[in-house]
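Here is a short briefing on how two chains meet and on some local features within each. Please keep the structure open while reading.

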Amino acid sequence: MWVVKNRKIFYTVSGILVGLSFLSLLFWGLRSGIDFTGGTLIEVSYPGGRPDQGEVVAALSEVDPSASVRSSGSDSYIVRMKPTTQEEHSLVTKALSLNGTSRAVEKTFDSIGPILGTEALYKAYLSIALVILGIVLYITFAFRKVSEPVSSWKYGLIAIAALIHDVIIPVGVFSVLGHFAGYEVDTLFVTALLVVLGFSVHDTIVVFDRVRENIRNSSGKKAFEDIVGESVSQTFTRSINTSLTTLIALVVLYFVGGATIQHFVLALIIGIAVGTYSSVFIGSPLLVTVEKMQARKR
Amino acid sequence: MFKHRAKAAYVLIFAALVGYATYASQVPGSWAGFKPFRLGLDLSGGTHLVYQADISKVDPSAVNDAMKSLRDVVERRVNTFGVSEPLVQVEQSSFSTAENAHKLIVELPGVTDVEEAAKSIGATPSLEFKLVIAKEMEAFQASTTVRDMSTSTQEAAYLALFQPTGLTGRMVGKASLEFTPTTNEPAVGILFNTEGRELFAKITKEHVGDYLGIFLDGVPISVPVIRDQILDGRGQISGSFNAVDASKLVRDLNYGALPVPITLISTQTIGPTLGQAAVNGGVRAGIISFILISIFLIVWYRLPGLVAVIALGVYTSIMLALFKYIPVTLTAAGIAGFIITIGMAVDANILIFERMKEELARGRGIWDAMHEGFARAWTSIKDSNISSIITGIILFYFGSNSVIKGFALVFLIGVLVSMFTAITASRLFLYAIAPQRSSKLSLFLINNGFKSRK
């Protein structure tokens, strides 16, 4: 099977992508949304024509001198500033209307205290760790009867390696997008990552499941490499087609689903594409690599 | 064969009825009753407020009760706004420090004037009883003329005389409107609960002759002298009330005095137009994805593909009905989750059909291949769905806000329902319409892809 034979090429491609993601994270980091840092995010529209950006910034400086104002659409601004109290909110509302001279409509107003932000961040890390742990335990359990030539917990570990790969790349892409286009990472982004984890392990398990079945049927006559190759080719169409239907839904959602969830959907599209790639081109070949390493040791 | 067809027809009729009822009940006055989808705040527009409760002064063993009564009090307050389906709940985070562990969450659909709402919730009075020792009060009065009282330093010094007693509005069992016998001025009679009665008796016993200041929202409204020990837990607050203020205080004490002080830590307001746009976008995305996925399935998988499309229709109809009748609060992320599960629900079908194709290539007959396809694809379907369920449950329990929880719930229900529609229902449909004999045409119909692998 060409996938297994050419595995070094796929390892290299993934290695480069993961490496670039790490570099981007190292140099640019992620731009955290107010979900995690605490802060205020306001989308305000001016039906009677948008005043000058500088005027709005100047008016807001009373409440928060470091408030940032970014234009959005043809008549709106997105304002981002420190967390506001109830009293400050009314000052902000007044400032946005330039003391009543310009009609301003607050389309959304989000203010999140720093405590809530820290808590959300903590929960995000916790849920990612728990999902990964839950999945590795389940795979170890589900494949417990397979021990030759690769033991079941190694299937679990390989699945995790593929999962980390699937999470790192979207995070890297969002780090680049954050640097160049101001994309933010929020609780929805974390949700997207978790869904990607679930989806990608779905794919990996289907291939592993086939490997398990083929090992049982071959009763030791075939080389492990051939068994894995055969399994990958048997599940190949299925992997591509399932991702395709999901990606159809996501791409449609990206274009017509509205602006609020666009970044969330983008994270899902990247993650699911990468996840499908990794379960076919990384996960199964890794089984062969692990088996070869064991053989060499013996 | 006939049996399969009859069963398949039942499932179809059931799904069609469910779907039609779900559709019809969107408008009032239909035969299916009026039961619209429950939309989250991000779709309906409204206000989401998170308060932090300060429980530092509450006895640790009474915290749960205090939070519960806080919720009840705020709920009664909120109900007076006339908002439909407001949500008031307390939340305890298990892994943060004690000071910020307790939160109160208020959701007000349709309310976008957050100022007004927050004021009405937060402004409920806190009633406190504070002591001043008689000697200190006299010393203070001796050193201060009435005119000086108006300056803020004097006022601060005056307020500093008062010592907290632990007796608060939380311990008021019942309040009523009374009139003082001598002047016939309106006054507020209070009756403490058991805990309050004991504390009140103790304070009045130990401090006969001292002053007991009654503070409403941190402001002393009356500072009577304690003349005697009071054992029956009754008291009267007389100040310069008019009848309206007095009856408002009675109402607040009975229904509204906050047992725990709260501060607002998060506000989210979503305008109604933005929500409507998100709903429209979600619905349109759902319909377009369904059509595109259907085209793909029929072109690639032919007859089984058609079966998968019908199963997907059954899936959609059951899911929408469940959203309505469980009910699940739909958010933008929840709708996205549903559309993603439409894509994923097909997975089991694809696994089965690919397997059928392999079995056909091995030379099995159509019926054998179908049986084998379903039987052998099952382990893959089971393992992969269980891992999705693990993800869904963790998301649901550890999701930090209602958006994530809503998404997780939709995702979980989707995985479970799709296991029924993609396996049980699809098998029924396929058995019902599969060709009986192997001919060139029937083999083509049941096969898939562009070339059949040999």
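Predicted model: local features only at pLDDT ≥ 70, side-chain atom pairs only at ≥ 80, totals over all residues.

Chain B and chain A bury about 5600 Å² between them. Strand pairing across the chains and six salt bridges at the interface are part of the picture.

**Extent of the interface**
- On the chain B side, 68 residues are in contact with 60 residues of chain A.
- Of the roughly 5600 Å² buried, 65% is on carbon and sulfur atoms.
- The size of an interface is often expressed as the accessible area lost when the parts come together.

**Polar and charged links between the chains**
- The count of residue pairs in polar contact between chain B and chain A is 16, with both residues at pLDDT 80 or more.
- Several elements of chain B each supply at least two residues to the side that touches chain A. Among them are two strands, strand 1 (46–53) and strand 11 (262–270). The helices are helix 4 (114–122), helix 9 (272–325), helix 10 (332–361), helix 11 (366–398) and helix 12 (402–433).
- By residue class, that side of chain B divides into 34 nonpolar, 23 polar and eleven charged residues.
- Six salt bridges cross the interface. One of them joins B:E358 to A:R210, with the closest N and O atoms 2.4 Å apart.
- Side chains of opposite charge can pair when their charged atoms come close.

**Strand pairing across the chains**
- Strand 4 of chain A (residues 105–112) runs antiparallel to strand 11 of chain B. Five bridges join the two strands.
- Which residue stands opposite A:D110 in strand 11 of chain B? That residue is B:Q268.

- Over all chains, the structure holds 29 aromatic pairs. One of these is A:Y155 with A:F208, an edge-to-face pair. The centres are 5.2 Å apart, and the planes make an angle of 85°.
- Salt bridges over all chains number 20. In one of them, A:R238 meets A:D203 at 3.0 Å, N to O.

**Backbone of chain B**
- B:I326 and B:P327 are joined by a cis peptide bond, with omega about -10°. B:P327 sits in the loop between helix 9 and helix 10 of chain B.
- B:R302 is a residue other than glycine with a positive phi, near 55°. Helix 9 of chain B contains B:R302.

Notes
Residues numbered from 1 in each chain as written. Chains lettered and ligands numbered in written order. Heavy atoms only, no water. Contact = heavy atoms within 4.5 Å. Buried area = accessible area lost by both parts, 1.4 Å probe. Salt bridge = Lys/Arg side-chain N within 4 Å of Asp/Glu carboxyl O. Polar contact = N/O pair within 3.5 Å; in protein donor to acceptor, adjacent residues only side chain to side chain. Helix = DSSP H or I, 4+ residues; strand = E, 2+ residues; numbered from the N terminus. Nonpolar A, V, L, I, M, F, W, Y, C, P; charged D, E, K, R; others polar. Pairing = 2+ DSSP bridges. Phe/Tyr/Trp six-rings, centres within 6.5 Å; stacked < 30°, edge-to-face > 60°.
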